[in-house]
Amino acid sequence: MMKMTYEQFCERIDQAPNEDFEGRAEKIAECDRCRAYAEKAMAFEAKLRAALEVPVPEIPMPDLSSPLQSTITNLDAARAERRASKPPSRRRYTFLALAASVVLAAVAGFRFLEQPTAEFDGRPDLVAELLHHVDHERDEMRVKATPASTSTVSYVTTTAGTKVDEDIGLISYARSCVVNGNTIPHLIVQGKNGPITLLIMPDEPIKQAVPFSDGEFHGVIVPVGETGSVAIIGRMGEPLDDIRDSIADKIRLSI
Amino acid sequence: MQATDDERSRQRRFENLVGTYREDLFRYAYWLSRNRELAEDVVQDALLRAWRSLDSLREDAAAKPWLLTIVRRENARFFERKRLETLDIDELHQAQQAEIAHNENSDVDDLRQGMLALADEYREPLALQVLMGFSTQEIADVMGLKSGAVLTRLHRARLQLKALFDNDSVDDD
């Protein structure tokens, strides 16, 4: 039998890096380049697997007790409703972001007259982005009794280098999101009356709590640790005081 | 009473299977459709079909390929039914970039973008192999291909992904 060339070896490795094939072990033992290629390929596989493991949302179990056709009809109706609520969103959150920026810029202007710019910590740009984001994912702001899977919560929080205590409450939604250029955990916990969004920002330090609202949502950004902050956002009327007072003890940065 | 007990037992069996493979089903549907929302819909519809034909699954050990095959068919039905337009890759990248999780490792992000840009014929076998741990023959069975064709696609898929950020890795000779 003809001996396998380096090129043939590489091709076999790229076809199925984890599968054994005839001559693989011998080639790795006798050929430095082959061994190096195989090692590099295995490192690539680890990254590839991490890339393919996208976060998994909560997928409601279909109603198994109903007749199939009625379940399909219900699913279609729910989807139509979900999609109908989305398209205007871009225009709406652009407006909200703009409005929030204007209001906060005005506040910033007044405060600028009172204090040095460096001490102002209002972060109107960040608030606008937070409101924009919550509006974008408004479909997820709903009352739910089923928790997000622990693996999803763990994935979402640890990839941002954070950890959330279990006693934070029922986390019904967890996703990694990009806010202000950073990938951060977006969690939804169940508050007294409805859902509360938590956007954990390990790299957004603030000096003091920043309350904000846009007429539909209200929230507060509170400092967490030395380098970060967390935005707590609920619909108007949703009490945020309890979670605001305790959140800093329930989130750890830099794990 | 017996019928009710049987039904409960059937439902428990189904929920256990779905609980075990839920993440796999969604990720497979996602890499088929490249859209989270569509993937959720496809998985829900697939679960309904799986529930209806659960009795045809003789052994739970065979549940994974059985469920993935249902997801695959449902995805094809979904695209046919909705007659979805061909996705624009640039737009898709921008949309999906905001939707899928970003990893602190930029290589992982690059690979996700690379996967989204791969042709269906390369993306699917790679997802089945890397994510689902399927052997070449199992991939061939799911996709209705010969093993040789699967291996060729896997090789080309990896070459394209590696070329994204490491041009010399495949030309080391």
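I started at B:Tyr28. Leaving aside neighbours within four places in sequence, I found B:Tyr28 in contact with B:Leu68, B:Val71, B:Ala127, B:Leu131 and B:Met132 (contact: C-beta atoms, placed from the backbone, within 7 Å).

Housekeeping before going on. Residues are numbered from 1 along each chain as its sequence is written, while chains are lettered from A and ligands numbered from 1 in the order in which they are written. The model is predicted, with local features needing pLDDT of at least 70 and side-chain atom pairs counting only at pLDDT 80 or more, though totals for chains, interfaces and linings use all residues.

**Cores**

Next I looked up the largest nonpolar core, which has 43 residues; B:Tyr28, B:Ala29, B:Val43 and B:Val71 have the most contacts inside it. A nonpolar core here is a set of buried Ala, Val, Leu, Ile, Met, Phe, Trp, Tyr and Cys residues joined through C-beta atoms within 7 Å. Buried means 20 or more other C-beta atoms within 10 Å of the residue's own, exposed means 12 or fewer, and partly exposed is in between, with C-beta atoms placed from the backbone. Which element gives the most to this core? I got α1(B), with nine residues. (Helices are DSSP runs of H or I with at least four residues, strands are E runs with at least two, and both are numbered from the N terminus.) There is a second, separate core of 40 residues, and I noted A:Ala148, A:Ile200, A:Val210 and A:Ile251 among its members.

**Sheet in chain A**

A:Val210 took me to the sheet. I read an open sheet of six strands in chain A, in the order β2-β3-β4-β7-β6-β5, with antiparallel pairing (two strands pair if DSSP finds at least two bridges between them). The edges are β2 (171-179) and β5 (210-213) of chain A, each pairing on one side only. On average, neighbouring strands are turned by 20 degrees against each other, direction ignored. Angles run from 0 to 180 degrees between N-to-C directions, with axes fitted to C-alpha atoms, for helices over the stretch in contact.

I then followed β5(A), which pairs with β6 (217-224) of chain A in the antiparallel sense over four bridges. A:Val210 stands opposite A:Ile221, and A:Pro211 has A:Val220 as its bridge partner.

**A against B**

I checked the interface too: 37 residues of chain A are in contact with 44 of chain B. On chain A's side the largest share, eleven residues, comes from α3(A).

**Confidence**

Last, I looked at pLDDT, the predictor's confidence in each residue, from 0 to 100. Chain A has a mean of 77, and 75% of its residues reach 70 or more. Over residues 86-98 of chain A the pLDDT is below 50. Where pLDDT is low, the predicted coordinates should not be read in detail.

Technical notes:
Contact = placed C-beta atoms within 7 Å.
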